Amino acid sequence: MTDLRIAAVGDIHLGEDGRGQYRKRLEGIEDRADVFMLAGDLTRHGTMEEGQVVADELRGLPIPAVAVLGNHDYHSDLQYEIANELREAGVMVLDDDGAVIQCGDKKVGVVGGKGFGGGFAGKCASEFGEREIKNFVSHTRNIAEAWKVALKEIVADHRVVLSHYSPIKETLEGEPHEIYPFLGSYLLAEAVDTAGADLILHGHAHKGSEKGMTPGGIRVRNVALPVLNRAYAVYCLSCDEGLQPVA
């Protein structure tokens, strides 16, 4: 296998009324992709009932599945319980760390987590002033640093970063500028550019744009379901040609 096909989606926001519905849309995914990546906001309100629906929809998939949580999944303070539910269903859940997945004869290293906000260079929050603002920005900085360390430690043929929040503002285009600081942070892109990766996947921005690139030239894709307008997108990482769209 010379190419790695990545199916990806975020913001599926499943609830009890969607039980059995999303799984139908995943039929045949093994013919289109080698690995499935979910970019957070898997639930609506982060309840255990919703988490169990997500786990049931993803249980026993024919290809490896790796996910991060999003802000909706944290809403009820049950993020750890939801993550464990997903892991019991066979989904690998990242929390500012990394893992290596064997896909045929290739190894893909996936690093990431929820991410966080703060804004983008020139129009961003800084670690100055009230303790609350300092905590806000330092939370994102700590996440970015953890990703950078994890990326440097990963040994694989390809390296992908999976996030909920965006690392760049280009994939937020379509959202009101006023809320950009709550949709992502340049610190995430800065960390990935420093350590290196082939692709960054994120969600969160329902009205954003699909394609962008970090200042360091790493391709970014906003895979939020409302942006894709389909069950998932498939991207092909070619050893020779880089990222190629498939579907």
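View 1. With 247 residues, a compact globule would have a radius of gyration near 18 Å, and the chain agrees, at 17 Å. The radius is taken over C-alpha atoms, and the globule rule is 2.2 Å times the number of residues to the power 0.38. This is a predicted model: local features need pLDDT of at least 70, side-chain atom pairs count only at pLDDT 80 or more, and totals for chains, interfaces and linings use all residues. Residues are numbered from 1 along each chain as its sequence is written, and side-chain values use heavy atoms, with hydrogens and water left out. The C-alpha trace spans about 50 × 45 × 30 Å along its principal axes. The chain holds 8 helices and 14 strands. These are DSSP runs numbered from the N terminus: helices are H or I with at least four residues, strands are E with at least two. Of the 247 residues, 54% count as buried. Buried means under 20% relative accessible area, exposed over 50%, and partly exposed in between (1.4 Å probe, protein chains only). Residues 24 or more positions apart account for 72% of the contacts with a separation of 6 or more. A contact means heavy atoms within 4.5 Å.

**View 2. An annotated domain covers residues 4–207.** The UniProt record, an unreviewed entry, labels this span "domain: Calcineurin-like phosphoesterase". UniProt positions follow the numbering used here, feature names are shortened, and annotations may be inferred rather than shown by experiment. The end C-alpha atoms of the span lie 28 Å apart. The span is 32% helix and 23% strand.

**View 3. Helix H5 has a buried side.** H5 runs through residues 79–88, and its buried residues are Gln79, Ile82, Ala83, Glu85 and Leu86. They cover an arc of only 160° around the axis, which puts them on the same side of H5. The arc is that of the directions from the helix axis to the C-beta atoms. Tyr80 and Glu88 are exposed, on the face turned away from the buried side. The cover over the buried residues of H5 includes helix H3 (48–58), helix H4 (71–74) and strand S4 (92–93). Gly90 follows H5, with a positive phi near 95°.

**View 4. Helix H3 is largely enclosed.** In H3, 8 of the 11 residues are buried, so the rest of the structure largely encloses this helix. Met48, Glu50, Gly51 and Val53 are among them. Gly60 follows H3, with a positive phi near 70°.

View 5. S5 (residues 97–103) and S6 pair in the antiparallel sense over 7 bridges. Two strands pair if DSSP finds at least two bridges between them. Cys103 has Lys106 of S6 as its bridge partner. The two strands form a hairpin with 2 residues between them, and Gly104 in the turn has a positive phi of about 65°. S6 and S9 (residues 158–163) run parallel, joined by 6 bridges. Here Val110 stands opposite Val160 in S9. In S6, 7 of its 8 residues are buried.

**View 6. Lys107 sits in strand S6**. Lys107 counts as partly exposed, at 39% relative accessibility. Beyond four places away in sequence, Lys107 touches Val100, Ile101, Gln102, Ala156, Asp157 and His158. The C-alpha atoms of Lys107 and Leu4 are separated by 9.1 Å, though the two lie 103 residues apart along the chain.
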